[in-house]
Amino acid sequence: MQTASSLSVLIRQLRLESAGVLSVELERDDGAALPAYEAGAHVDVHLPGAGTRSYSLVGAPGAFATYHLGIKCEADGRGGSRWFHESARVGDRLEISPPKNDFRLAEEAPHSVFIAGGIGITPLLSMIGRLASLGRSWELHFAARDRRSMPFEAHLEQHAATGSGRVVKHFSAEGQGRPDIQAIVGSAAADAHLYCCGPTGMIDAFVEAARHRSPDTVHYERFASAEAPATEGGFTLQLARDGRCFDVPPGKSILDVLLEAGVDVPYSCMQGVCGSCRLSVIEGQPDHRDGYLSDNERAANDALIPCCSGSLSPRLVVDL
Ligand code: FES
């Protein structure tokens, strides 16, 4: 799928980064420079026959000839990672979005604390690279099963070698246990900024440990929403621009109903975490189940993530 803003790229290199994780290098097919991006950014990748998936850019930010992605093979996933691991070849052409960023680095912070689990390191890598290049203080607590399954260890060691930060590794299969998230968060200075990305249980523990901190200093990115999707149905969805109405039945999400009706809505993760499908709400009360909107955005009642959220009111009017 090519859109006016998409970039046509070629797979320049595929390399096994660690057990089950592929490092993918992309370059423009016309040899031009790729757009610069900020730490924490991702791109949406349109995959042949597997829809669109979002992947973090793992290189340190800046203008580059290539983008690097880190992709873990998810055997039970929706097929995007399997396409890369089983079908992708060097030289394959792909369409990607320009870089987007919903997970920003507060690079002016006096100290930054990162907590990562497994492939959750990918959005944090560019942040750590940026801080290392600026000489700003950081620490990373990285949990993985064992050293073989720790992706991008060499990159992290390079960043630590600048002297700006340190990496604390926790290999559960080697008897080092898991990071004590309560203790890590509890010992962070009030003006430090804290970041977490990893499995749901890790992020839940992080959010709980950080609940007394200023929300501005707490940042996390989920791979899946902590809440079950709203598929109870039983309400009417109305499109404000042309007035069309759709009954949302039990078992379907709002996004399912829109796509089946041929309404053009962007989407990517289908799990309530990337924000690609975000809609503006004109009228009604959304039943928020996503892991993307902030508490303030939920309270404002004017936005909806239709791949997983529903409606508490009998009618929901969206800006489509
Ligand atoms: S498609 Fe990712 S949040 Fe809906």
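Colleague: Where is Asn301 found?

Modeller: This is a predicted model, in which local features need pLDDT of at least 70, side-chain atom pairs count only at pLDDT 80 or more, and totals for chains, interfaces and linings use all residues. Residues are numbered from 1 along each chain as its sequence is written, and side-chain values use heavy atoms, with hydrogens and water left out. Helices (H or I, at least four residues) and strands (E, at least two) are DSSP runs, numbered from the N terminus. On that basis Asn301 is in the loop between α7 (295-300) and β16 (303-304).

Colleague: What phi does Asn301 have?

Modeller: Most residues other than glycine have a negative phi. Asn301 is not a glycine, yet its phi is positive, at about 65°.

Colleague: Is Met270 buried, partly exposed or exposed?

Modeller: Met270 sits in the loop between α6 (254-260) and β14 (279-283). Buried means under 20% relative accessible area, exposed over 50%, and partly exposed in between (1.4 Å probe, protein chains only). Because its relative accessibility is 30%, Met270 counts as partly exposed.

Colleague: How many residues of helix α2 are buried?

Modeller: Helix α2 spans residues 122-134 and is mostly covered. Among its buried residues are Leu124, Leu125, Met127, Ile128 and Leu131.

Colleague: Which residue just after α2 takes a positive phi?

Modeller: The phi in question is about 75°, and the residue is Gly135.

Colleague: What area do domain 1 and domain 2 bury between them?

Modeller: The domain bounds, which come from an automatic or database domain assignment, are 7-96 for domain 1 and 111-221 for domain 2. Contact (heavy atoms within 4.5 Å) joins 15 residues of domain 1 to 14 residues of domain 2. Buried area is the accessible area (1.4 Å probe) that two parts lose on being put together, summed over both. Carbon and sulfur atoms carry 66% of it, and the total is about 1200 Å².

Colleague: Which strands each supply at least two residues of the side of domain 1 that touches domain 2?

Modeller: Three strands meet that condition: β1 (7-18), β2 (21-28) and β5 (66-72).

Colleague: How far apart in space are His68 and Ser253?

Modeller: His68 lies in strand β5, and residues it touches include Ser23, Val24 and Glu25. His68 and Ser253 are 185 residues apart in sequence, and their C-alpha to C-alpha separation is 33 Å.

Terms used
Lists of a residue's contacts leave out its neighbours within four places in sequence.
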